[in-house]
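This briefing concerns a predicted model.

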Amino acid sequence: ESVFRGTADLDSLLGKDLGALRDIVINANPAHPPLSLLVLHGLLCQRYQVLSSVHVHSSVSTVPPPLLSCLGPRHIESYARQRFQLGFTLIWKDVSKLQMKFNTQSMCPIEGEANVARFLFRLLGAEPQDPVAATQMDFWIDMAVFQLAEGGNKERAAVLRSLNSALGRSPWLLGQEFSLADIVCACCVLRAGQTASAPANVQRWLKACQNLGHFDCVYPLLQ
Amino acid sequence: MALNLTINSSNPPLGALLTAEHVKGSVNLSVEEGKDTMLHVSDQVQFSDVNSITRYLARVAPALGLYGSNMMEQTEVDHWLEFSARRLCAQSDLSSALGDLDKALALRTFLVGRSVTLADLCVWAALKGNGESQAKPNSYPHLCRWFSFLSSQVPFSSVGSKWASKISASKISTIK
């Protein structure tokens, strides 16, 4: 069962369905697999009929097998596109920054794993309604993506200390509710290989994230 | 409850100041100069980075539509917030970022949707503070049209004239 109980309806979130499959196309570099987006893909699959596919762009020569199967087994009914509510197309490509294209007639291409994660999370209808909680969620996401994923040792240590102190006060980063902040921050800690040396509250929280089962798709990609 | 925004007057956060100007009719907000930039929401909650400050202010004044009017516009706003904080604050050559902006503005009056959003405020603020001199009208016609359109309007004009000179002054003193 999903941890999110929002009442998301794609027509109300995205406007009326005009008949074509609503396809989310993500260009990602295989050197930096977007772990948080894979977790969100799994959550979307629990809620919607998702037609998922993985492709390799000609700019990339070889891709490790776990990256080819990271969205699960290939759909055998993929010819029946109208049976699905959402398309999720992941293209491994030599891009400097992750990019999402969706509804390109009205929306600009969206850059950055954090922003694509926010989009996918909105599709789950689980965004906090309270302005403080919503902004704290965005704050943690930015901190994880900019300082954990791209920062040096000093910045990483500082983020781990902040995470540890927040997780000493509550089970999840926003309090009692699991949120996108937990998904993105946990994926960044796992990616940074800081699991073993992480402080106690962070370790306990990573274990709790793992117990939810949504992160199962991430572990095979960590080598 | 009253919100209080303190700004670092030697390095004024133009995006936060512009957002504050936009929401001040809808939200009980006071702005004062100080040492560090911080939005005080309550004794338990403060935000000190510009993107969190602007996001929070946009969310407490939802009727203004500064965060877009649907989830697709919200996502575009997120994209431009990161763009302004990362790609437009780079110390080096901004030509690829300015080229992307110019392309995005080719068919648009505002960056997102049909009215002003945080995307316009934060990208305008980043350019005012950093890339304005690199944005030559013959290379980036759409970007320059958009930039001068916003610059001519209140509160862009008032925030620009009041604070932008302090930004250039602080840059010069950093170089010294």
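Helix α2 of chain A, residues 35-47, comprises 13 residues and reaches 19 Å from its first C-alpha to its last, close to the 18 Å expected at 1.5 Å a residue. In this predicted model, chain A and chain B bury about 2,400 Å² between them, and 8 salt bridges are counted between the two chains.

- The buried residues of α2(A) are A:Leu35, A:Ser36, A:Leu37, A:Leu38, A:Val39, A:Leu40, A:His41, A:Leu43 and A:Leu44.
- Strands β1 (22-28), β2 (50-56) and β3 (86-92) of chain A are included in what covers these buried residues.
- Helices α4 (113-123) and α7 (180-191) of chain A are also included in that cover.

**Interface of chain A and chain B**

- On the chain A side, 29 residues are in contact with 24 residues of chain B.
- Of the area buried between chain A and chain B, 57% is on carbon and sulfur atoms.
- Across this interface, 15 residue pairs are in polar contact, with both residues at pLDDT 80 or more.
- The elements giving two or more residues to the side of chain A that touches chain B are α1 (10-14), β5 (110-111), α4 and α5 (131-148) of chain A.
- Helix α5(A) supplies the largest share of that side, namely 9 residues.
- By residue class, the side of chain A that touches chain B divides into 15 nonpolar, 6 polar and 8 charged residues.

**Salt bridges between the chains**

- Over all chains, the structure holds 16 salt bridges.
- One of them pairs B:Arg55 with A:Asp138, whose closest N and O atoms are 3.4 Å apart.
- This pair crosses between chains, with B:Arg55 in helix α2 (residues 50-60) of chain B and A:Asp138 in helix α5 of chain A.
- B:Arg55 counts as buried because its relative accessibility is 1%, and A:Asp138 likewise counts as buried because its relative accessibility is 1%.
- A:Asp138 also meets B:Arg59 in a salt bridge, at 2.7 Å from N to O.
- That pair, too, crosses between chains, from B:Arg59 in helix α2 of chain B to A:Asp138 in helix α5 of chain A.
- Both B:Arg59 and A:Asp138 are buried.
- A:Asp142 lies in helix α5 of chain A and B:Arg55 in helix α2 of chain B, so this pair joins two chains.
- The side chains of A:Asp142 and B:Arg55 form a salt bridge at 3.2 Å, N to O.
- A:Asp142 and B:Arg55 are both buried.
- Through salt bridges that share partners, A:Arg118, A:Arg122, A:Glu127, A:Asp138, A:Asp142, B:Arg55, B:Arg59 and B:Asp78 are joined into one network.

**Helix α2 of chain B**

- Helix α2(B) is mostly covered, with 9 of its 11 residues buried.

**Individual residues in strands of chain A**

- A:Glu111 is placed in strand β5 of chain A and counts as buried because its relative accessibility is 16%, under the 20% cut-off.
- Apart from residues up to four places away in sequence, A:Glu111 touches A:Lys97 and A:Leu98 in chain A, and B:His79, B:Glu82, B:Arg87 and B:Asp100 in chain B.
- A:Asn27 belongs to strand β1 of chain A and counts as buried at 6% relative accessibility.
- Beyond its neighbours within four places in sequence, A:Asn27 is in contact with A:Ile91, A:Lys93, A:Val95, A:Leu98 and A:Gln99.
- A:Lys101, in strand β4 (residues 99-101) of chain A, is partly exposed, with a relative accessible area of 35%.
- Leaving out neighbours within four places in sequence, the contacts of A:Lys101 are A:Asp23, A:Ile24, A:Val25 and A:Pro109.
- A:Lys101 and A:Asp130 are 29 residues apart along the chain, and their C-alpha atoms are separated by 29 Å.

Conventions. Residues are numbered from 1 along each chain as its sequence is written. Chains are lettered from A and ligands numbered from 1 in the order in which they are written. This is a predicted model: local features need pLDDT of at least 70, side-chain atom pairs count only at pLDDT 80 or more; totals for chains, interfaces and linings use all residues. Side-chain values use heavy atoms; hydrogens and water are left out. Helices (H or I, at least four residues) and strands (E, at least two) are DSSP runs, numbered from the N terminus. The expected span of a helix is 1.5 Å times one less than its number of residues. Buried means under 20% relative accessible area, exposed over 50%, partly exposed in between (1.4 Å probe, protein chains only). Contact means heavy atoms within 4.5 Å. Buried area is the accessible area (1.4 Å probe) that two parts lose on being put together, summed over both. A salt bridge is a side-chain nitrogen of Lys or Arg within 4 Å of a carboxyl oxygen of Asp or Glu. A polar contact is a pair of N or O atoms within 3.5 Å; within protein, one must be able to donate a hydrogen and the other to accept it, and residues adjacent in sequence count only if both atoms are side-chain atoms. Ala, Val, Leu, Ile, Met, Phe, Trp, Tyr, Cys and Pro count as nonpolar, Asp, Glu, Lys and Arg as charged, and the others, Gly among them, as polar.
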